[in-house]
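I opened the file to look up a few points of fold and packing. The entries below follow the order in which I checked them.

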Amino acid sequence: MLDRSGEASLLLIAPTGGGKTLAGFLPSLVELSGGDHDGLHTLYVSPLKALAADIKRNLGTPISEMGLPIRVEDRTGDTSYTQKRRQRADPPHILLTTPESLALLVSYEDAPRIFKGVQRIIVDEIHALAESKRGDQLMLALSRIQAMSPDLRRVGLSATVEDPAAIAHGLAKHPDPCPVVLADPGPEPDISMLVTEEKPPWSGGGAKYSVPAVLDLVKQHKTTLIFHNTRAQAEIYFHNLWLANDDALPIGIHHGSLSRDQRAKVEAAMVRGDLRAIVCTGSLDLGIDWGDVDLVVQIGAPKNVKRLIQRIGRANHRYNAPSKAVLVPANRFEVVECVAALEAAKDHDLDGDPKGAGPRDVLCQHILITACAAPFDATELFQEVKTVGAYSTLSRAAFDDCLDFCATGGYALQAYDQWKRLKEVGGKWQLRDPRSAARIRMNIGTIFDIETLKVKFRRSPKTLGEVEESFAATLTKGDTFLIGGQIVRYEGLNQLVVEVSREKGRTPKVATFSGTKFATSTQLNQRILSMFSRDTWPALPAHTAEWLQLQREMSKLPQAGRIQVETFPQDGRENMVVYGFAGVNAHRTLGLILTQRMEAAGLNPLGFVVTDYALLIWGLTPVTDVAPLFDPENIRDGLETWLQGNAVMKRTFRIAATVAGLIERNSRQGRKSGRQATFSSDILYDTLAKYDPDHLMLRITREEAMRGLVDFGRIEDMLQRTKGQVDHIVVNRITPLAAPLFLEPGRIPVFGEGRDKLLQDKAAALMREAGLSDL
Amino acid sequence: MSDFAFTLSDADFVARSDGTLWWPSKRLLCVSDLHLGKSERIARRGGTLLPPYETRETLWRLDAAITATDPSCVICLGDSFDDLTAAENVSDDARKTLTQLQAGRDWIWIEGNHDAGPVDIGGTHRGEVVVDGITFRHITDKATRGEISGHYHPKAGLSGLSQRACFLLDKTKLILPAFGAYTGGLSVRDPVLSGLFDPTGLAILTGKTALAVPISACLKR
């Protein structure tokens, strides 16, 4: 690292826990040890607040022991207002921060003074940032900082990834090169799947059955990290662990919905070595150094082999010892998926999707941020943006579109001449109303948080954590739910705070925390399908092998290269199961397209539910001819019309419009005055679709949806792979492989003729009951 | 379109599925909370630049309701404009549409909390108005019997189904849903609304069809 500290850009790839973070700081410590640098020297950016705090601790020790004249401070959303103000006036030598806090710093009028003379920037866990808009925002902010301090050198630190060149391209100042240093990957990890006496259940993600076995593993190891894919599952599992924890082993919980205090407490206990295990989520995915972790347990299928490898690296931070990990399938299908993931890990077959060009909603936010700091020249800013790898192919026309959107709203109807957000004065763009800077700053960031409410005990100032507003809306007094590992009773809503009381020994109604639903990767799905084609399954536990055998006897196992469809009646509804193996997002899209076509064909679909491997649609009329529903031509034709009206598009629109600054999210005032004042972003979407269908926000929405939530690419792949060959299997009852789908949560209703009919029946019955039917 | 007929203070009314109220014997059409010019007002105050199409959309819907009923009198129940400046700044197109809609019929603007004061657009401007013993005003007054008002933007739904803008009706009064395109709703479960109404009253949901359900059924989760 020291040898190459002069490189303008450098990417270091090392397995998790290779000590790469401290290596990244070495050149800074050397350069600062003379004590002759004034102001900011090194910026360190990580995706997690916790990581910044952790680094501060780890850097503090050597610096004070060696008596180096270096000031290190962190600056995140958790930093106090006074501290932040002081940091602006008198920046430390090393500032540890997050992409959002850095973007906010860049938006201040005094940014040139703060960043003047900064020498190095270290981007930690760059592989994680590169997967989201946060990475794009960071690189745009970097291009601004580079203009203020041209000597800035960039260092990226990444875990093992499938495409290092792509990460390097994103890091360097385009078109400068970015050398990649690959560290020794160390010994092969020791990964296995947990097999217990008790069989995994048919559906769900709780994996409660595994609690005794996992407690045994915890006892046999020094420190265990127990990873979950969602916060809700982590909460339930933690609760169940404690119910069974007869030896009172010290076990903690850590996830993003917990209060800052609680997270800090767990982090401190872990550093002291007081905890034997931590139940956690992605909030611990990244390289916080927890010391002596000797086992990683992954509850639920990992969905993605790359992420699995990165999580496994959390165990055993010594370079020469193998990491040890145990996979715990949460349900029967995940047994298959875990075994497939183990095989992929053994083959070093990492998965990932190529990233598209830099998103324009993030660019819009960047333009507004730039305007907050000072008036700017459009051509200069365009040139600067093009030095960001992800935006290197941006056209001037596309840039001007974004600028026009920021200035005037970019509508076909020129309505706001008088009330522009940005105006051009003497060749430079600036805010029309300087007061809008405060509003823009409040909306900086690209993480789309679902509105959450704080949870507190009555008459207590302490926050227990947060729940989604939509979840809070479903609570009535007396309902119980889990938060921070304890069961609480809902008492009421007071000034946007969910008030609760203690509750003992009741089964909780579970909080549905927000959590991105990752789709199983294409590569992993293909491995599962190829496993299905084997005659026997010696690698699978008997209960799972027998289940697959039973499916083979009653129906068929899905094959690669064909779409398998089963239809059968169940519970008074007509059901159709499509085994697409294209992941949840693509299946949701397919569900929306298929139900729309079924509606048109008079098949009265009522709703559907999706998993990573299949899609279940139920309705009032049996489907006898499935082939026309899957005709590739028709599916593509129907896509445009379908895209316009569906909820997934509206959600994608809400995210893009919020990032781009069309919708404000941090308007606490508006929320306090009641919902009457606010209206749903769906209305904006519908209005634009009707009057301005070519508007920038709708174009962005369409492009994003095709890649992300709609994932139409995978449907196209599926159709191409199968050439529309559908195996329709008609059975008279539910099949073994389909059964778990009936227990799956997250059902999506279809609002069509079928549901209207049911609603009218329900309303009529209610009116009869109330004696109002003649009114 | 299927509508819902009811009686209030011995007069027969129709709650239309588009959120307008029709009084057949008077040939009177009533709408509430149009909030014309809302996006302009937000932009003017340094807020975001929302799609400036809500006035066009709202008037387009109003045109459809007027064409369907051919009223001799239209009452706008207040908050017709998002503020008085928005009324001044209303586009020439919108002005023209309004003039066309007003041609050949009485048009009454009731004053709301957003647009308290006269507006320079045709029609009569009133604080409130009484027609055949029925009072039309912006915000309900608890003591009045036989009253039609707006202001609250009520919405309701049956458990498990999403909420829709609705009329709220009990033996003495009716509250209209907001008709404007950029208007949100206040849930009937909110204490502010549930306190105003007798739970034996009805919520008439708007949408494809006007669907009447007991308010009490909408309070359940």
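In which sense do β9(A) and β11(A) pair, and over how many bridges? I looked this up with the caution that the model is predicted. I found that β9(A) and β11(A) pair in the parallel sense, over 4 bridges. Within this pairing I noted Leu225(A), which stands opposite Ile278(A) in β11(A).

Next I traced the sheet around this pair. I read an open sheet of 6 strands with parallel pairing, in the order β8-β13-β12-β9-β11-β10 of chain A. At its edges I found β8 (190-193) and β10 (251-254) of chain A; each has a single partner strand, so one side of each is left without a neighbour in the sheet. From one strand to the next, the twist averages 20°. I then looked for a helix on this sheet and noted α12 (residues 305-312) of chain A, which touches β8, β9, β12 and β13 of chain A. The direction of α12(A) makes about 145° with that of β12(A).

My next entry is on helix α9 (residues 211-220) of chain A. Which of its residues are buried? I listed Val211(A), Val214(A), Leu215(A) and Val218(A). Seen down the helix axis, the buried residues of α9(A) fall within an arc of 105°, so they line one face of the helix. I recalled the general rule here: an α-helix has 3.6 residues a turn, so residues three or four places apart point the same way. On the face of α9(A) turned away from the buried side I found the exposed residues Asp216(A), Lys219(A) and Gln220(A). I also checked what the buried residues of α9(A) pack against: the strands are β9 (224-227), β11 (277-280), β12 (295-299) and β13 (324-328), and the helix is α10 (231-244), in chain A.

Elsewhere in chain A I looked at β3 (residues 72-75) and β4 (residues 94-97), which pair in the parallel sense over 4 bridges. There I noted Val72(A) opposite Ile94(A) in β4(A). With helix α3 (residues 81-89) of chain A, strands β3(A) and β4(A) make a right-handed β-α-β unit.

Last, I turned to chain B, where I counted 6 helices and 16 strands. Its radius of gyration is 17 Å, close to the 17 Å that the globule rule gives for 221 residues, so chain B is as compact as a globular protein of that length. I recorded a C-alpha trace of chain B spanning about 45 × 40 × 35 Å along its principal axes. Of the 221 residues of chain B, 48% count as buried. Among contacts in chain B between residues at least 6 apart in sequence, I noted that 66% join residues at least 24 apart.

Conventions: Residues are numbered from 1 along each chain as its sequence is written. Chains are lettered from A and ligands numbered from 1 in the order in which they are written. This is a predicted model: local features need pLDDT of at least 70, side-chain atom pairs count only at pLDDT 80 or more; totals for chains, interfaces and linings use all residues. Helices (H or I, at least four residues) and strands (E, at least two) are DSSP runs, numbered from the N terminus. The radius of gyration is taken over C-alpha atoms; the globule rule is 2.2 Å times the number of residues to the power 0.38. A residue is buried if 20 or more other C-beta atoms lie within 10 Å of its own, exposed if 12 or fewer, and partly exposed in between; C-beta atoms are placed from the backbone. Two residues are in contact if their C-beta atoms, placed from the backbone, lie within 7 Å. The arc is that of the directions from the helix axis to the C-beta atoms. Two strands pair if DSSP finds at least two bridges between them. Axes are lines fitted to C-alpha atoms, for helices over the stretch in contact, and angles run from 0 to 180 degrees between N-to-C directions. A crossover is right-handed if, with the strands pointing away from the viewer, the path from the first strand over the helix to the second runs clockwise.
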